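I opened my notebook to work through this structure step by step. Here is what I looked up, in the order I looked it up.

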Amino acid sequence: MTLRIAIIGCGKIADQHIHAFSRIGDCEVVALCDRELLMANQLGERFGITACFADAAEMLRATKPDVVHITTPPQGHFPLAKQCLEAGSHVYLEKPFTITAIEAEELIHLAENRNLKITAGHNYQFTLEMLEMRRLVAENFLGGKAVHVESHWPYDLSDASYVGPILGSKTHWVRQLPGQLFHNLISHGIAKLVEFLGDEVKVTAHAHQSQRLKSLNGQEVQDELRVFLRDENGTTAFFCFSTQIKPGLNFLRICGPKNSIFVDNSSGTLLRLENKSYKSYLTFFAPPLVSARQHFRNARKNIFDFLKGRLHQDSGMKELIERFHQSIKTKSAPPIPYREIILTARIMDEIFAQIKNSVK
Amino acid sequence: MSEKSIVSQADRVLVTGSNGFIGTSVVENLLSRGFNNLRLFVRPSGKLEKLKKILEKYSTGKNIEIISGDLLSREDCKSAARDVAVIIHLAAGFEKSFAGAFMNSALATRNLIEAFIELGQPKRFVNVSSFAVYSNLKMERGALLDETCPLEDAPQERCDAYGFGKLQQEKIVRDYGKKNGLPFVILRPGAVYGPGKPDLSGRVGINTFGFFIHLGGSNELPLTFVDNCAEAIVLAALKPGVDGETFNVVDDEKMTSREFLAARKKAKKFFSIYVPYPFAYLGSVLWENYSKKSHGQLPPVFNRRRCAAEWKGNRYSNQKLRDRLGWKQKVPLAVAMKSFLAQYQ
């Protein structure tokens, strides 16, 4: 079964989706839609797709796609996804899933009622090292439920092509989001935590503006965020978003009652932190050698994956899309549990509510 | 002002990208010609020090307005184009993504042209493009590249988002010329150099791998010093009888890539390795093939089209520029190089 796909929103990320489709197979792009028709046309011209539309309703009527990938700015996610679900299409929504948790719940409810699938573009949960982490967790490497989880997510302010327009215009779509810069960037980092947390999460968030952003005339935009979380079972979590920490930290640490796991998403590596004790001075000699062995194995694995053509920079997106499409074809569970999508949205809502008035 | 012009010194001229590398030089050229009604469009996050220094130099009796905004906003374009007779459109986006390059080049230009037609008094739209729009894939090494040469027909294969944006921008300008009677001129500068731009042109070489690889060898470079380029742009804005024309902009005096690199190294030494064209081509073919085979695991940043465009080597002509616009190289090569190299001292 070849899935017929439409893309709404023909900006930068749409290219990545089309590249991922070409590696997955069993799917074809039948329509492109952007309210700026020229944007749809330029994408169509480059990838040989002729059905280009400026109106989503017209596109849905004319092409009746099986799946719609929505890659617009977040403000359009909820109304467009609702429209697509109501028209009978499955929906892949880029991150952040919606502006609020209420919208997320409504979309998921609608999808379930109509027997359709929906997912969020939390593709960093499906990189090779994250899949390996999940395999270890499933094998009970941690020795039980996670005790504590930490997620760091960086952003480099020197990429002026992104930050420049945001700081330059109060009407920029990022500035219109309740969580502004954070809203568009942190969902990947929060989503990595929620699979280890229960449904009732207490959130304590602090945010401020870095000196660097201040010097760039950052106005009311904040760029440093720290969040402490605790669920109903006592599992704790810490999230850090920073534009200032160098080198940028992008990792997930899962601490279990027996062993722990460290996943470095920057280098695509994973370390098993085993609870071993050593006699006397071996405490100082053995652990570094064990770590060195693991680092060597990680390098060897990454080189091997590269030579096998598996180490694409967007391997997480390809994996997530492939699993989502598979879940549609086989009528099985979608790759990201709906509970996690809603919990991510709820935590983000709470963070933005708490930091709302913290910029002077 | 002795030269014939389509506008008077009192007519309002809009310069987009006016605080940029070429923009500041264009503004100075206009001021030196006595144009006293300028609107200078800048990005909100743009640095204005260099532009303000120039304005201070020509401060007497001028009506100069600096406005900041985003050309993707139609409202900002309307504010910029209102009551303007000539637009010199220099603003350029250096986006790595094709969609981003298209937005910043083509969409921004569409917005600006529509505002110009609606609210301006259009006498000339000068669109500053680039040599990146040409393809010399099927040309012989050393063949003459002029305005009649073929344009790139596969920018995606060339992995050149900037060139794609510029091609689409030119297409939009021509479309509005044809359908709406927009009077326009397109300029395609070669490798623009001068103080304020320390990076070497990609036609000389690359430092992608942490050291400089010299790939230009004995190729002639399509150099144009920033003030000479600005002179061409301003002439294109003023000269009667050139609507709908396209001009390449290169200086009379030429240098090879090797000579240019040697002069640059004399000012400040750095390590480089020379790779002859056949090896660069072979490397590009292998890279491109692997990229295809691996479904883009390595993006096709090195490929046959780019290799040809940047390092195959052509000769360049400014005959049309001199004949039709009456352009002359104002700054001699020796003076230009001295000014360029001073920034490394």
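What radius of gyration does chain B have, and what would a compact globule with 345 residues have? I found 20 Å for chain B, which agrees with the value near 20 Å for a compact globule of 345 residues. The radius is taken over C-alpha atoms, and the globule rule is 2.2 Å times the number of residues to the power 0.38.

**Ground rules.** I noted that this is a predicted model, in which local features need pLDDT of at least 70, side-chain atom pairs count only at pLDDT 80 or more, and totals for chains, interfaces and linings use all residues. Residues are numbered from 1 along each chain as its sequence is written, while chains are lettered from A and ligands numbered from 1 in the order in which they are written.

**Chain B, overall.** I fitted a box along the principal axes, and the C-alpha atoms of chain B fill roughly 55 × 40 × 40 Å. I listed 12 helices and 14 strands in chain B. These are DSSP runs numbered from the N terminus: helices are H or I with at least four residues, strands E with at least two.

**The seven-strand sheet.** Chain B has an open sheet of 7 strands with parallel pairing, in the order β3-β2-β1-β4-β5-β7-β12. Two strands pair if DSSP finds at least two bridges between them. I saw β3 (63–68) and β12 (246–249) of chain B at the edges, each with a single partner strand, so one side of each has no neighbour in the sheet. From one strand to the next, the twist averages 15 degrees. Inside this sheet, I followed β1 (13–16) and β2 (37–42) of chain B, which pair in the parallel sense over 4 bridges. There V15(B) has L40(B) in β2(B) as its bridge partner.

**A helix on the sheet.** Next I looked at α1(B), which packs on the sheet and touches β1, β2 and β4 (86–89) of chain B. Its direction makes about 160 degrees with that of β1(B). Axes are lines fitted to C-alpha atoms, for helices over the stretch in contact, and angles run from 0 to 180 degrees between N-to-C directions.

**Two helices meeting.** How do α1(B) and α7(B) cross? The axes of α1 (21–32) and α7 (226–238) of chain B come within 8 Å and cross at roughly 60 degrees. The two are therefore oblique to each other; angles under 35 degrees count as roughly parallel, over 145 as roughly antiparallel, 65 to 115 as roughly perpendicular and the rest as oblique. Among the residues making the contact are F21(B) and L30(B) of α1(B), and V226(B) and I233(B) of α7(B). Residues are in contact if their C-beta atoms, placed from the backbone, lie within 7 Å.

Within it, β10 (212–214) of chain B runs parallel to β13(B), joined by 3 bridges. I213(B) stands opposite I273(B) in β13(B).

**Chain A.** Here I traced β7 (148–154) and β11 (251–255) of chain A, which pair in the antiparallel sense over 5 bridges. E150(A) stands opposite R253(A) in β11(A). A hairpin of 4 residues then joins β11(A) to β12(A).

**Where the chains touch.** The contact takes 24 residues from chain A and 19 residues from chain B. On the side of chain A that touches chain B, α1(A) gives the most, with 6 residues.

Key
Two residues are in contact if their C-beta atoms, placed from the backbone, lie within 7 Å.
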